[in-house]
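Hi,

Here is the structure I promised to pass on to you.

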Number of protein chains: 4
Amino acid sequence: MTTTKQRLFEATLKLASDRGLAELTVDDIAAEAGVAKGTVYYNFGSKDGLIDALLRYGVGLLAERLREHADEPDPVAGLEALVDTGLAFIAEYRGFSQILVSEMWRTPGRWHETLRPLREEVVSIVKDQLQRVADVGRLPEGVQVSTAAAGLFGTLLVVALDWQVFQPTRTRADVRDSVLLLLRGLAR
Amino acid sequence: MTTTKQRLFEATLKLASDRGLAELTVDDIAAEAGVAKGTVYYNFGSKDGLIDALLRYGVGLLAERLREHADEPDPVAGLEALVDTGLAFIAEYRGFSQILVSEMWRTPGRWHETLRPLREEVVSIVKDQLQRVADVGRLPEGVQVSTAAAGLFGTLLVVALDWQVFQPTRTRADVRDSVLLLLRGLAR
Amino acid sequence: MTTTKQRLFEATLKLASDRGLAELTVDDIAAEAGVAKGTVYYNFGSKDGLIDALLRYGVGLLAERLREHADEPDPVAGLEALVDTGLAFIAEYRGFSQILVSEMWRTPGRWHETLRPLREEVVSIVKDQLQRVADVGRLPEGVQVSTAAAGLFGTLLVVALDWQVFQPTRTRADVRDSVLLLLRGLAR
Amino acid sequence: MTTTKQRLFEATLKLASDRGLAELTVDDIAAEAGVAKGTVYYNFGSKDGLIDALLRYGVGLLAERLREHADEPDPVAGLEALVDTGLAFIAEYRGFSQILVSEMWRTPGRWHETLRPLREEVVSIVKDQLQRVADVGRLPEGVQVSTAAAGLFGTLLVVALDWQVFQPTRTRADVRDSVLLLLRGLAR
DNA sequence: AATGAATGAGACTTCATTCAT
DNA sequence: TATGAATGAAGTCTCATTCAT
């Protein structure tokens with residue numbers, strides 16, 4: 001990862017908090033990064049190319065963090081740690097998370113095809129963790145692990161953003177407990 | 001509500017299923033509504049004015065539907081009906097729901113100040129229903145009704161869109177049961 | 001002159017101080033006059049029709065006032081009174097005077113053909129007064145009365161506006177004396 | 001001054017001879033200059049930005065020419081040369097001069113704040129020349145140099161345009177003599 | 001590896017005018 | 001006599017992209 005690409009990512013992330021991806025201009029991104037406009041095209045070929053790379057980079061970061069709890073001995077504790085880590089990531093990269101929420105379910109949005117496999121990657125991490133919980137019999141009858149994983153991912157995203165935007169005085173621990181309370185519906 | 005404004009809303013809603021807000025052109029909206037482009041500006045002043053009015057209109061529609069279950073004798077059944085109605089609305093107005101998800105947590109986005117009170121309205125309907133559940137002792141200790149209401153609204157939105165976009169073969173009843181399963185964590 | 005037409009004239013005059021005729025919108029004029037837009041078209045047929053009528057009305061007013069000094073026994077005193085009256089008119093109807101200055105020499109401006117004969121009318125009044133001065137031998141050799149009349153009209157307009165806009169603390173008497181000082185170059 | 005800006009100025013100046021500022025379109029200006037429409041916006045930000053810069057450019061050109069006579073040994077001859085140069089400039093850049101006359105006394109017009117200091121600059125050049133005339137005792141008692149300078153500038157503008165528009169058969173020498181005849185009222 | 005002036009398709013917006021009431 | 005919703009031609013402006021340096 002060159003310094004220039006890194007700076008362009010950071011500039012895009014910073015600006016994306018306030019506007020949609022479509023509203024972001026290459027001019028603004030370049031100015032924020034302190035490089036010339038042509039540099040974006042030199043490094044990424046197009047605006048879409050930059051966004052594409054950014055989405056992969058950001059989701060990769062998230063996946064990496066979520067995977068850190070894969071080897072927690074207690075599956076339920078692992079799930080709780082995963083939720084906590086997810087909340088922390090979203091709070092730290094709020095602009096990126098807003099992008100995800102904006103673009104994830106937009107179809108046939110410009111970046112939908114990029115996001116589809118990235119979503120798969122993250123959902124599958126959540127799914128693995130849920131499967132471990134199921135394996136020790138802590139999931140009620142009738143819960144489909146894959147369905148629950150998808151739902152948990154979306155809920156995590158949305159609850160975390162709601163916390164940041166509309167309930168900023170709540171603590172992360174408090175929000176985490178709310179989600180876990182929901183989860184107890186699954187994990188008894 | 002004049003016929004012309006109504007028609008423009010419906011045209012925008014229809015087109016919004018396929019594209020994002022930024023991708024919609026006033027030309028297309030006017031053509032779809034069967035009026036001249038100037039008519040949009042006569043009625044709403046600007047494209048943003050149209051979107052603003054549309055958000056109020058659409059959320060009003062959703063709120064109206066959700067309120068229909070307020071007098072259900074059994075609070076838990078009322079909550080379940082509310083969830084089902086919410087899913088149906090989102091499936092019917094997918095484009096609009098995508099807009100909601102895109103803009104709701106964008107701050108200081110262009111429509112954030114419009115959406116803030118609209119969100120309050122919907123969340124408060126959910127909250128009232130949850131409160132009735134709490135009043136009959138069907139909510140566990142430690143669940144804050146207002147927090148749970150906000151979370152449930154976001155989750156509903158996101159789970160419904162995920163269903164439409166990534167799991168289109170699932171039935172609505174199936175999705176409803178998934179959400180209710182989650183809810184049982186709250187409503188025992 | 002009906003009340004409605006009068007009100008539309010006054011509204012146009014008021015708004016024309018700040019903007020050019022081309023920048024004035026029929027919407028704004030109607031709103032300022034407190035009538036509906038269609039009323040402008042009912043009364044004047046078009047925007048150009050309104051402006052046309054306004055120009056004729058305003059120049060008619062000016063001509064009427066300037067003519068009041070035609071029978072002053074002393075030609076030089078009559079000329080001085082004419083200058084004074086002209087200054088007073090321009091100060092009173094500044095917006096209209098700004099229109100005159102803006103459009104008079106714009107060619108092939110939209111209202112040029114309307115203004116040409118109106119200018120003739122005013123210049124000829126000035127010319128008559130100058131001719132009476134010439135008849136008593138108070139004009140130097142070589143001064144062409146018609147040329148001097150045209151020049152005096154323009155100068156009057158411009159000096160008066162300059163007074164109003166850039167030197168508002170000067171008194172009208174002071175400005176009149178300045179112009180008369182110039183005139184003494186002609187009228188010895 | 002880049003070549004592109006220069007060409008846009010010249011194109012605008014050329015087109016301004018035939019129409020007013022409001023009638024000029026960016027499309028036409030770009031076409032006349034042989035550049036793409038976007039180039040106007042790249043260089044000046046907006047149509048108003050172009051006009052603003054053009055006013056500064058044009059008045060700078062006028063000021064430069066008027067200053068050329070500052071070192072004429074004979075003050076009265078210098079004043080006459082200044083008048084002659086002014087007439088020549090206005091005849092050459094008629095469209096620009098029409099703009100000046102249209103906007104100079106419009107308050108609070110869009111370009112009034114731009115024109116105010118530009119007018120100061122030109123008036124002060126005239127004033128310096130008049131002062132030199134006064135210093136050699138060729139101005140009558142009671143003539144305020146600064147007032148006379150402002151008046152002379154306006155008169156020059158208006159008489160020159162009147163010549164171009166309504167008396168095109170007169171020669172420049174003839175018009176110059178008319179103005180000088182007026183001036184003799186001041187310069188005896 | 002980077003630049004930034006230039007481009008032009010395509011968007012948003014204005015506004016004089018019409019016409020059914 | 002007056003209204004005002006609707007129109008659409010014509011304008012202003014944006015912005016992803018290119019390319020010579």
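Below is what I found in it.

This is a predicted model, so to speak of its conventions: local features need pLDDT of at least 70 and side-chain atom pairs count only at pLDDT 80 or more, while totals for chains, interfaces and linings use all residues. Residues are numbered from 1 along each chain as its sequence is written, chains are lettered from A and ligands numbered from 1 in the order in which they are written, and side-chain values use heavy atoms, with hydrogens and water left out.

Let me start with chains A and B. Chain B superposes on chain A by a rotation of 179° with 0.1 Å of shift along its axis, at an RMSD of 0.9 Å (least squares on the C-alpha atoms of residues with pLDDT of at least 70 in both). The two copies are thus related as by a two-fold rotation axis.

Now to DNA strand F. There are 31 residues around it (a heavy atom within 4 Å), and Val26(A), Thr4(B), Thr39(B), Tyr42(B) and Thr39(C) come nearest. Of the atoms of DNA strand F that come within 4 Å of the protein, 68% belong to sugar and phosphate.

Some polar contacts (N or O pairs within 3.5 Å) stand out for a look:

- A polar backbone atom of Val26(A) is 2.7 Å from a phosphate oxygen of DNA strand F.

Best wishes

Notes: A polar contact is a pair of N or O atoms within 3.5 Å; within protein, one must be able to donate a hydrogen and the other to accept it, and residues adjacent in sequence count only if both atoms are side-chain atoms.
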